[in-house]
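This report sets out the structural features of one protein chain. The sequence and the structure are shown first, and the description follows.

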Amino acid sequence: MEENRCKFWLPKKNRFCANSPLNDSQFCGNHKPRSIEQWIPCPIDPSHSVLKENLESHVKRCPLLKQAQSLSLQPFYQKGINAGKEEEEEDYVSSEMKKNVVYSMTVTQFCKLINKIESVHASTCKDIWESYKVPEACNMWIKREVDRKLPFQEKHVAQQASILGNLEDFGVIKSSVGSKEADSQGFCSDDSNFVHAVIEFGAGRGYLTQMLADCYGFDRVFLVERKSYKLKADRSLRQKESLILERLRIDIEDLNLNAVESLRGIPYLAIGKHLCGPATDLTLRCCLSEQCNQGSVQDCTSNANLKGLAIATCCHHLCQWKHYTNRKFMSDLGITKGQFHAMTWFTSWAVDADHGSDLPDITDCSLQLQSIEEKQCFGDIHGVEDVVRSMKPVERAVLGFKCKQIIDVGRMMWAKEHGLDTQLVKYVPSGISPENHLLLARHAKCL
């Protein structure tokens, strides 16, 4: 009997699996060893994976099949409209692949890349400053004077309030608190710049929009999110009599804003809190899609209906060259596709360190590189993997933050080239969240 059983040992039960093995294996179907290459993204929804051998049967019964079929019939669905143009077809570059790019470098190549990052950062990232805001308009949330059924976490409220405070400070929205001149909706008072709608990209449960609705007020809300969530803010938002809510369950990559019937001709504000990796690039293209599909970047002008934008960027380690908005910016700086992916892998180091207190100000890594070269001469270092291990966590974190800032500055410059006034700020201390970059943009006339 033992010979007809699966050879997978169950330590908690102190016995082998009781299932029968497959014909060509010593293991049953549940415990057959599989390499990572045998798993591929589901073609219906890449957010989950499936075994290659099960792909044909899976696509017929994927739980998301009906949703995908229904979505494809929507007029605003256009596959890959915001993905960005790539000269040649390029697959998704995983974190493991990015790591392999770094570890395949020689120590000399690695040191040259670090020097290049240092040089680029010094020349392009001078105008990023701290802008921690606690607007008076958000007091009702900060003091917990809102519905007690709404979830409250101090760090999230601080981030949301600072995002809105920076929008107010940047002149995109106005608070009616202490100002008789502010309009009843709380937005730019000039009629030509009046914002009637807010679109939250990567909305999740929608609580950034909930705070905006409670503290500033507006006519119409669009929540863009590809996943389904429980405990959403939708129920609370729908209780506001003057507010119209529409939730679009779609990937930002496939959303054609110009085809959303209820948004046509309506001035809007685009917001997003922690738009992971390429989602920031997809959102920028989504908001400026009409111009980006025509001619050169120099001929582009800001979408007249986009009055302002605030995106808290996040998870730069997930960024992809094929989606990145400002590849020209990187290329002009001498950064290749492979080096860009190496930089995105470095960004994960920024969130590895202890951020209980802010990291020391951005420092020069030249002394660290000199130490690496000395160790290599004495034979203490044999490859890049040894170099990475020899670096202190704080040194890796500083390098990671520099790479994050370079990536975000490229995005800011892309938006600026498309006719928007832009800023890049640190909107909360890294002790609240190390993912603390906020990209602000506004229509040039929204002053």
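Which residues do ring pairs link into a cluster? Tyr103, Phe110, Trp345, Phe346 and Trp349 are joined in this way. The model is a predicted one, and the values below are computed from it.

**Aromatic pairs**

In the whole structure, a search finds seven aromatic pairs. One of them is formed by Tyr103 and Trp345, whose rings are edge-to-face, with 5.7 Å from centre to centre and 80 degrees between the planes. Because Tyr103 lies in helix α3 (residues 95-103) and Trp345 in helix α12 (residues 337-346), this pair ties together parts that are 242 residues apart in sequence. Tyr103 is partly exposed, at 27% relative accessibility, whereas Trp345 is buried, at 10%.

Phe110 and Phe346 also form an edge-to-face pair, with a centre-to-centre distance of 6.0 Å and an angle of 90 degrees between the planes. Here too distant parts of the chain are linked: Phe110 belongs to helix α4 (residues 107-124) and Phe346 to helix α12, and 236 residues separate them. Phe110 is buried, with a relative accessible area of 1%, and Phe346 is likewise buried, at 0% relative accessibility.

Thr347 is placed in the loop between α12 and α13 (366-377). This residue is buried, at 1% relative accessibility. Apart from neighbours within four places in sequence, the contacts of Thr347 are His316, His317, Gly400, Cys403, Lys404 and Ile407.

**The chain as a whole**

The protein chain contains 15 helices and twelve strands. Of its 447 residues, 48% are buried. Among contacts between residues at least 6 apart in sequence, 69% join residues at least 24 apart.

**The eight-stranded sheet**

Eight strands form an open sheet with mixed pairing, in the order β5-β11-β12-β10-β9-β6-β7-β8. At its edges stand β5 (129-130) and β8 (244-248); each has a single partner strand, so one side of each is left without a neighbour in the sheet.

Strands β11 (residues 420-426) and β12 (residues 437-443) run antiparallel and are joined by seven bridges. Asp421 stands opposite Arg442 in β12. Arg442 also lies over the face of Phe170, at 4.3 Å from the ring centre. Helix α15 (residues 393-417) lies across β10 (306-314), β11 and β12, and runs at about 160 degrees to β11.

Most residues other than glycine have a negative phi. His274 has a positive phi of about 60 degrees, although it is not a glycine, and is found in strand β9 (residues 268-276). Cys315, another residue that is not glycine, has a positive phi near 50 degrees. Cys315 is located in the loop between β10 and α11 (327-332).

Leu275 is also found in strand β9. The C-alpha atoms of Leu275 and Cys315 are separated by 7.9 Å, while the two residues are 40 apart along the chain. Is Leu275 buried or exposed? Leu275 is buried, because its relative accessible area of 2% is under the 20% limit. Leaving aside neighbours within four places in sequence, Leu275 is in contact with Phe201, Gly202, Ile252, Thr280, Thr283, Ile311, Ala312, Thr313 and Cys314.

Two of these contacts, Thr280 and Thr283, are among the buried residues of α9. Nine of the nine residues of helix α9 (residues 279-287) are buried, so this helix is largely enclosed by the rest of the structure. The buried residues of α9 include Arg285 and Asp281, as well as Cys286 and Cys287.

**Accessibility of selected buried residues**

The table lists the relative accessibility of some of the residues discussed above.

| Residue | Relative accessibility |
|---|---|
| Phe346 | 0% |
| Phe110 | 1% |
| Thr347 | 1% |
| Leu275 | 2% |
| Trp345 | 10% |
| Cys315 | 15% |

Notes:
Residues are numbered from 1 along each chain as its sequence is written. This is a predicted model: local features need pLDDT of at least 70, side-chain atom pairs count only at pLDDT 80 or more; totals for chains, interfaces and linings use all residues. Side-chain values use heavy atoms; hydrogens and water are left out. Two strands pair if DSSP finds at least two bridges between them. Helices (H or I, at least four residues) and strands (E, at least two) are DSSP runs, numbered from the N terminus. Contact means heavy atoms within 4.5 Å. Axes are lines fitted to C-alpha atoms, for helices over the stretch in contact, and angles run from 0 to 180 degrees between N-to-C directions. Buried means under 20% relative accessible area, exposed over 50%, partly exposed in between (1.4 Å probe, protein chains only). Rings of Phe, Tyr and Trp (its six-membered ring) pair if their centres lie within 6.5 Å; planes under 30 degrees apart count as stacked, over 60 as edge-to-face and the rest as tilted. A charge sits over a ring if NZ of Lys or CZ of Arg is within 6 Å of the ring centre and within 35 degrees of the ring normal.
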